Amino acid sequence: MGRLIQCSGIIAKKPYYFKLTDTNVYTIEEVCYYIRHNIYMIQEELFEESFAVWLREELEMDETAKKIEDMIEDHNNLKDIVVTLCCSCDYYTEKEINELIAIMDETENLPLRGRAKIKADNYLRCGFYEKAIEEYDHILNCDDMLNADISEYGEMYHNMGVAYAMLEDFDNAAVSFKNAYEKNSSEESLKQYIYALKLTGDKELYSQEAKKLDIDIQKITGIEKEYKSASDEAEKSKNIKNIERLKETMKSGYVEEYYDNINSYINGWKEEYRKEISR
């Protein structure tokens, strides 16, 4: 889990799996460590009845398991569950547990849309892009957004654009970044909007949208140069990976395949060079 954790209790033969972050834990100390370092994404659904069963059957923590089961059944708030788990071993000091409580109190005081955004942002951070998009869309259409200021809309649309881009859905990414820029006038949202338009491969759409943007032409030119530089770097990285794969092919004894691929790459690079100098 990223660092050495000293465990004084039982180590489970079968780990408990936290689906949200694709993480296995084997001890109560690891559970506490997980809670502390994921405190902003902890949700009630993270602790299902199966978690209490795991505590009982794998860690032999009957008393704690019973408390957690009762809390789940009585729909206790998440803070009570977290405190119960952190107090079940000596991994954290009282001061550290109080710090966790303070963070959770702060989160509880956020408006509904704020709490939902934390969840969506963590889906995005953990690579669950479809879930992130679904959550952002739900927030943007909920009644509580009527109380939001324009910058909140901008941030929400921007993050949704990032999720779409990670899924290589550049059409929807462009729409989201455009919505973000219209709300927040952010340089970063503008830049990502232009990048997404470029990545759609639709030159006519790019030309039309670029003309609609009420900004200095030099700014667009600068962003285009940055895009070209980033694109070239990505291509170099791809070529390096291809060469590394070729080395493995050679080592495995597939000599003919190795030279066929080498010739293919060389011819491709020649063609790219010809295009470049003919512009």
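Lys 67 has 40% relative accessibility, so it counts as partly exposed (buried is under 20% relative accessible area, exposed over 50%, partly exposed in between, with a 1.4 Å probe and protein chains only). Glu 63, at 58%, is exposed. Their side chains meet in a salt bridge, 3.7 Å from N to O (a side-chain nitrogen of Lys or Arg within 4 Å of a carboxyl oxygen of Asp or Glu). Helices are DSSP runs of H or I, at least four residues, numbered from the N terminus.

## About the model

The model is predicted: local features need pLDDT of at least 70, side-chain atom pairs need 80 or more, and totals for chains, interfaces and linings use all residues. Numbering starts from 1 along each chain as its sequence is written, and side-chain values use heavy atoms, without hydrogens or water.

## Bridges across the chain

The count comes to 12 salt bridges. One of them joins Arg 113 and Asp 144, with the closest N and O atoms 3.4 Å apart. Arg 113 lies in helix α6 and Asp 144 in the loop between α7 and α8, so the pair ties together parts 31 residues apart in sequence. Both residues are buried.

Lys 178 and Glu 209 also form a salt bridge, 3.2 Å from N to O. This pair links helix α9 to helix α11. Lys 178 is partly exposed at 27%, whereas Glu 209 is buried at 9%.

Key
Helix = DSSP H or I, 4+ residues; strand = E, 2+ residues; numbered from the N terminus.
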